[in-house]
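Me: I would like to work through a protein model step by step. Here it is.

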Amino acid sequence: MALPGATDMDKMKALNAKTYQEQAIWFLNAYWKTNFENAKKGKSAEDVWSWTKLFESLDLKKKKKGCELDEFKAHVFLEKIGRTLSVREMREYLKSVDIDFNKKVSITEFLVCHFKDDGVKWTALVNAPQDDEKAKAEREAAQKAVSIASEASAKARDDHKKALDNESIATKEAREAKEKEAFAKSEEKKAIEAEEVCAEKKKISDDKAAEAKKTEEIAVKTAAEAKAAAEEAFAKEAELKEAELKAKAEANVAQKAKNESNKAASEVKQALDNVLAEEKKYKDKMAKLQKDSKDMNLGIVKRNKSANLLDQLKAKPTLSLQTAKVTLTAAEKKAAKALKKSAAAAAKAQAAADKISAAASAAEASRKAADERKAQADKDAQVAKADREAADQAKKAANLALIAASDARTAAEAAAAKAEKARKAADDAQEAAVAARQEAEKSLEIAVKAMEEAEAKLKELLAKPRGSGMGATWWLEREFEEAKKYMPKHKLKKLAKQMKK
């Protein structure tokens, strides 16, 4: 199999147009015996494999289907394999490597440059013999089987790993969803219980508010009645106070009249006493003169003198004294009667005044008691009002708490329903993940079969004599080894046993 082209440069361009892998295999085929069969590290077939894979990874657009790297990516390639060059050195190196002068570097150009000291020449490379048609067909059949096995293994491994990861995630999410559902159900239960508690508290607060309102109404009514009673007591007290003043005035007038009567009676009695004293004095003097005139123990002169004086006294008129006596006696009786009457009137007036005073005092005490009752009733009404306002606030707070609890319960129910739905979805996802994992395990079985088929073709190819396609054969073996990396360990053990047979 020769490269197309009239000149070696045309053939070089044709080789550079092949994929990175095709170029690497061409190079290995051309120099297997001389350079790679017993190669040292740094210039082995494994190095060519690694460099080819690096070229493919740096070709971001075409990847495995690419054939050349631009200057920048070629510089990156050199850095990654440990060749750190300055910009100038890099350009000089790339210039020396770029055989076809297109300012790009193919894996072939790099390999020619890298192995130039080992007898590699690009002119010989482009004309190097490759597989014959039969060997090529057999190798391509084995290559196809390895490629299929490799792709199937890679896909199966990736699918299986992804399925396991998804199953693990789904299992975890299902567990978490179940826990969240349990938590949401618990919160829902708590919310329902809280709502019931709030409803009970609201009922209690409503009852207390109604009771407080009733108590306030009674207190207000009592305060109004106490106020009316206090006003009535005040009016009655005022009336009795006025009557007391009037009664006391009348008692004073009566007392004054009594005092006047008493004074008049005293004056009459004094006048009568004076008259009676004069009458007694007169009679005592008459009796003494009568006695002295007849007392024989006295001398005649004294007796005669007493007799003369007696006659003189008898000769004096005593009618005015008698008249005064009679008049004063009558006046004394009249004054005593008037005094008795005025005293009775004064006593009666005083008794009436005392009675009214007692009533006024009682009315005052009653008014004070009514005032105290009114003050207490007002205070009770204020307390009842404060209690009612507090009860109203408590009722309002309880109502708001109930609304909040109801909202929380509704939210908790929605959250519980959502959590239940999420749990069911997670369960479904888990089931799907298990099914996907089982399907991935089936794919693994298919991959194993593909590897077995590839193994059979490879063993068949290796059993035949190899000519100029030894590099391609090595590459095929290397790909098979790479494909085995994607197989699970237990599958690899099974495959290894089969390969020993």
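Me: Is cysteine 67 buried or exposed?

Reply: This is a predicted model. Buried means under 20% relative accessible area. Cysteine 67 has a relative accessible area of 16%, so this residue is buried.

Me: Which cysteine sulfur is nearest to that of cysteine 67, and how far away is it?

Reply: A disulfide needs two cysteine sulfur atoms within 2.5 Å. A search of the whole structure finds 0 disulfides. Cysteine 67 is therefore in none. Its nearest cysteine sulfur lies 19 Å away and belongs to cysteine 113.

Me: Is cysteine 198 buried or exposed?

Reply: The cut-off for buried is under 20% relative accessible area. Cysteine 198 has 16% relative accessibility, so it counts as buried.

Me: Where is serine 293 found, and which residues does it touch?

Reply: Serine 293 is found in helix H8, which covers residues 133-294. Its relative accessible area is 18%, so serine 293 is buried. Leave out residues up to four places away in sequence, and serine 293 touches Arg303, Ser306 and Ala307.

Me: Which backbone oxygen lies 2.8 Å from a polar atom of the side chain of serine 293?

Reply: A polar contact pairs N or O atoms within 3.5 Å. Here the distance is 2.8 Å, and the backbone oxygen is that of glutamine 290.

Me: How many residues in the contact of H2 with H6 are nonpolar, polar and charged?

Reply: The axes of helix H2 (residues 20-36) and helix H6 (residues 107-114) come within 9 Å and cross at roughly 30°. H2 brings Tyr20, Gln23, Ala24 and Phe27. H6 brings Ile107, Thr108, Leu111 and Val112. They divide into 6 nonpolar, 2 polar and no charged.

Terms used:
Residues numbered from 1 in each chain as written. Predicted model: local features only at pLDDT ≥ 70, side-chain atom pairs only at ≥ 80, totals over all residues. Heavy atoms only, no water. Axes fitted to C-alpha atoms, helices over the stretch in contact; angles between N-to-C directions. Helix = DSSP H or I, 4+ residues; strand = E, 2+ residues; numbered from the N terminus. Contact = heavy atoms within 4.5 Å. Nonpolar A, V, L, I, M, F, W, Y, C, P; charged D, E, K, R; others polar. Buried < 20%, exposed > 50% of the residue type's maximum accessible area, 1.4 Å probe, protein only. Polar contact = N/O pair within 3.5 Å; in protein donor to acceptor, adjacent residues only side chain to side chain.
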